[in-house]
Amino acid sequence: MLAYTMVGTKDLARALRFYTPLFNAMGLDICWQDDSCVSFGDPDDVNVPQYFVGYPFDGHEATVGNGTMTAFQFADIKEVDTLHHLALESGGSDEGAPGFRPQYGDGFYAAYVRDPDGNKLAVVCRGYLHEPGE
């Protein structure tokens, strides 16, 4: 159902430095890139939703929507931990350290970050019923 998501940036080169290592760690790559935007996904499978980062088409400065967030789902909490750490190393800011969030359901494990432009991302693992180390 989802074809793509797009978020705005004020600095595409900086956005590339943030997003490229994250998407590479997810096993995804650049599908499209020009002077105004870049998309990440699976270049060999158009059915995999893409994530675009770019300058707004209307020419106005990119702004961040309060309450807007894109979540990426994984099968193991180790992936959540790794991606949260990688996002911080790549210039992102912490919005919620990795951990269980029982208010969202049993086994809901997540971490939250913002990219350098302030766009909020979540990395989640749902239904993980083991504590780390078990």
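Predicted model: local features only at pLDDT ≥ 70, side-chain atom pairs only at ≥ 80, totals over all residues.
**Notebook: surface, fold, salt bridges and core**

I began with the surface: the protein chain exposes about 7800 Å², and carbon and sulfur atoms supply 51% of it. The areas come from the Shrake-Rupley method with a 1.4 Å probe, and for residues only the protein chains shown count as cover.

Residues are numbered from 1 along each chain as its sequence is written, and side-chain values use heavy atoms, with hydrogens and water left out.

**Overall fold**

I looked up the secondary structure next and found two helices and eight strands. Helices (H or I, at least four residues) and strands (E, at least two) are DSSP runs, numbered from the N terminus. Read from the N terminus, the order is β-α-β-β-β-β-α-β-β-β.

For the dimensions, I noted a C-alpha box of roughly 50 × 30 × 30 Å along the principal axes.

Of the 134 residues, 40% count as buried. Buried means under 20% relative accessible area, exposed over 50%, and partly exposed in between (1.4 Å probe, protein chains only).

**Salt bridges**

How many salt bridges are there? I get three, taking a salt bridge as a side-chain nitrogen of Lys or Arg within 4 Å of a carboxyl oxygen of Asp or Glu.

- Lys 10 pairs with Glu 61 at 3.4 Å, N to O. Lys 10 sits in the loop between S1 and helix H1 (12–25) and Glu 61 in the loop between strand S4 (50–54) and strand S5 (69–73), so the pair ties together parts 51 residues apart in sequence. Lys 10 is partly exposed at 48%, while Glu 61 is exposed at 57%.
- Asp 117 meets Arg 14 at 2.6 Å, N to O. Asp 117 is in the loop between strand S7 (109–114) and strand S8 (120–125) and Arg 14 is in helix H1, so this pair joins parts 103 residues apart in sequence. Asp 117 is buried at 12%; Arg 14 is partly exposed at 26%.
- Arg 114 meets Glu 95 at 3.3 Å, N to O. Arg 114 belongs to strand S7 and Glu 95 to strand S6 (residues 93–100), 19 residues apart.

**Core and patch**

Then I turned to the largest nonpolar core, which has 27 residues; Tyr 19, Tyr 51, Phe 72 and Leu 121 have the most contacts inside it. Such a core is a set of buried Ala, Val, Leu, Ile, Met, Phe, Trp, Tyr and Cys residues joined through side-chain atoms within 4.5 Å. H1 gives the largest share of this core, seven residues.

Last, Tyr 4, Met 6 and Phe 57 make a nonpolar surface patch of about 380 Å². Tyr 4 is in strand S1 (residues 4–8) and is exposed at 52%. Patches use residues with over 30% relative accessible area and no salt bridge, with like charges joined within 9 Å and nonpolar side chains (Val, Leu, Ile, Met, Phe, Trp, Tyr) within 5 Å.
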